[in-house]
Amino acid sequence: MAIKTIRLPDVGEGVTEAEVAEILVKIGDFVREDDPIAAVMTDKATVEITSAYGGTVVWIGGEVGKTLAIGSDLIRIEDDASKGGTPEMHATADSAGAPPVASAPPDDALQQEAENEAPAQAEAEPPAAAAHGAQAAIASAVADANSLSADKSHAAPRMPDPMRVAPVRPEGAAVLASPAVRQRAREAGIDLRRVAGTGPAGRITHSDLDQWFDDGRQQEIRPGRGTASPSQPSEEIVETVKVTGLRRMIARRMSEANAAIPHITVVEEVDVTEIEALRARLNETRGDKPKLTLLPLVAAALVKARETSPKVFARYDDEADQVFYSSAVHIGIATMTDGGLMVPVLRHAQDRSLFDMAGEITRLSDACRSNKAKREELSGSTITITSLGPLGAIATTPIINKPEVAILGINRMAMRPSWNGSAFVPRMMMNISASFDHRIIDGFDAAVFVQKMKTLLETPALIFMKD
């Protein structure tokens with residue numbers, strides 16, 4: 001018997017440890033080479049770990065939420081070839097593209113799940129179609145979800161699709177899903193054991209959750225999520241959720257920043273009528289270029305404001321008592337994902353056009369939301385923009401993204417009456433909220449920066465003028 005150990009690999013330059021965000025296998029599972037077996041989280045990104053060998057999982061060295069040093073034993077696999085079988089034999093047995101089945105010991109939970117789902121699959125797919133396996137199911141699920149999404153505003157209420165209703169998995173049974181899917185399900189109060197997974201090996205995808213909602217099964221959420229019996233006293237509704245992964249990382253970084261940095265926040269009202277008109281005109285003639293939101297224009301204004309307020313774009317190492325200034329403007333873009341807040345970095349904004357910035361911001365946001373952002377795309381910013389979009393309030397008090405020394409908050413835009421000296425006129429108005437590290441940025445410097453941003457956003461031609 002040959003036991004092979006998969007160790008936690010180096011997941012990024014300078015990273016010495018990582019938190020186990022998800023274990024995707026359990027003892028007794030058969031895995032092939034390159035199959036995903038776990039996900040770990042560094043201080044910036046989630047990294048999926050794949051198996052270097054094929055065989056049966058016999059030992060798991062970490063649990064979700066545990067921090068492991070780089071090089072620690074993560075998974076041990078028994079090479080099935082040493083038992084007389086071969087991985088290829090298992091792959092051959094998987095002729096219909098069904099999830100791989102462990103050879104020994106038998107997995108009661110997965111076996112029971114396969115038995116429960118087998119009749120439905122046999123009726124749903126003709127033999128020829130079944131050969132496409134999970135990929136066909138994924139494509140079908142995505143197509144269904146897109147179709148339903150497009151029509152759901154006009155469609156009559158639907159009954160659950162019996163072909164997609166999963167039997168309840170037994171308590172403790174493995175449920176395969178990404179961290180983002182688990183986070184989304186947890187927030188919605190969905191018991192993933194009740195959701196049919198159409199991904200490889202029955203993995204539950206976002207499309208499966210979309211389908212679950214479209215099937216009108218919201219009434220099956222867990223107790224304590226708003227559907228408990230009215231007769232049940234609220235004090236009896238108790239749920240304990242361990243804070244792990246990205247949420248724990250956000251909590252730690254926010255606490256550190258708020259505790260270490262004496263914040264000063266300045267709020268200013270800005271007339272954005274002209275810059276909104278400019279944005280509309282540019283979008284009308286953009287052709288195949290990315291659609292402009294306000295964000296690239298704010299980023300361009302930041303680049304211009306750096307000329308008069310370079311201190312605001314510094315990074316402060318408070319342990320070494322050193323402030324670093326860069327000639328480049330790297331702008332962090334606070335981005336909401338299913339797992340929580342992430343901050344990808346728009347690099348070298350000073351060298352980019354508006355449409356280039358728009359495309360890069362979209363690319364970075366998509367990478368974060370699909371858990372594909374690279375570590376180098378999530379670090380090195382010199383200032384951050386944060387926005388709650390249409391949900392934003394009149395003012396916010398953003399927390400600085402340490403070790404930066406400033407952050408700019410964009411608040412909700414609204415039409416308001418404005419006095420022009422002789423009459424009230426309607427103008428599109430928006431407040432900006434900028435927080436500063438008061439150890440490095442004095443109140444005067446903060447005020448100069450905020451007024452510069454107000455001037456640039458109210459007179460957008462100044463953003464593009466060369467001195």
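Which residue in E17 is the bridge partner of Thr386? The answer is Gly409, in a model that is predicted.

## The sheet

Six strands make up an open sheet with mixed pairing. Their order is E9-E18-E17-E16-E12-E15. The edges are formed by strand E9 (263-271) and strand E15 (345-346), each of which pairs on one side only.

In general, strands of a sheet pair through backbone hydrogen bonds, in either a parallel or an antiparallel sense.

## The parallel pair E16 and E17

Strand E16 covers residues 383-387, and strand E17 covers residues 406-419. The two pair in the parallel sense over four bridges. Thr384 has Ile407 in E17 as its bridge partner, while Thr386 is bridged to Gly409 of E17.

E17 and E18 run antiparallel and are joined by 12 bridges. Among the residues involved, Arg416 has Arg427 in E18 as its bridge partner.

The two strands form a hairpin, with four residues between E17 and E18. In the turn, Gly421 has a positive phi of about 110°.

## The helix across the sheet

Helix H11 spans residues 443-458. This helix lies across E9, E16, E17 and strand E18 (424-437).

Note on methods:
Residues are numbered from 1 along each chain as its sequence is written. This is a predicted model: local features need pLDDT of at least 70, side-chain atom pairs count only at pLDDT 80 or more; totals for chains, interfaces and linings use all residues. Side-chain values use heavy atoms; hydrogens and water are left out. Two strands pair if DSSP finds at least two bridges between them. Contact means heavy atoms within 4.5 Å. Axes are lines fitted to C-alpha atoms, for helices over the stretch in contact, and angles run from 0 to 180 degrees between N-to-C directions.
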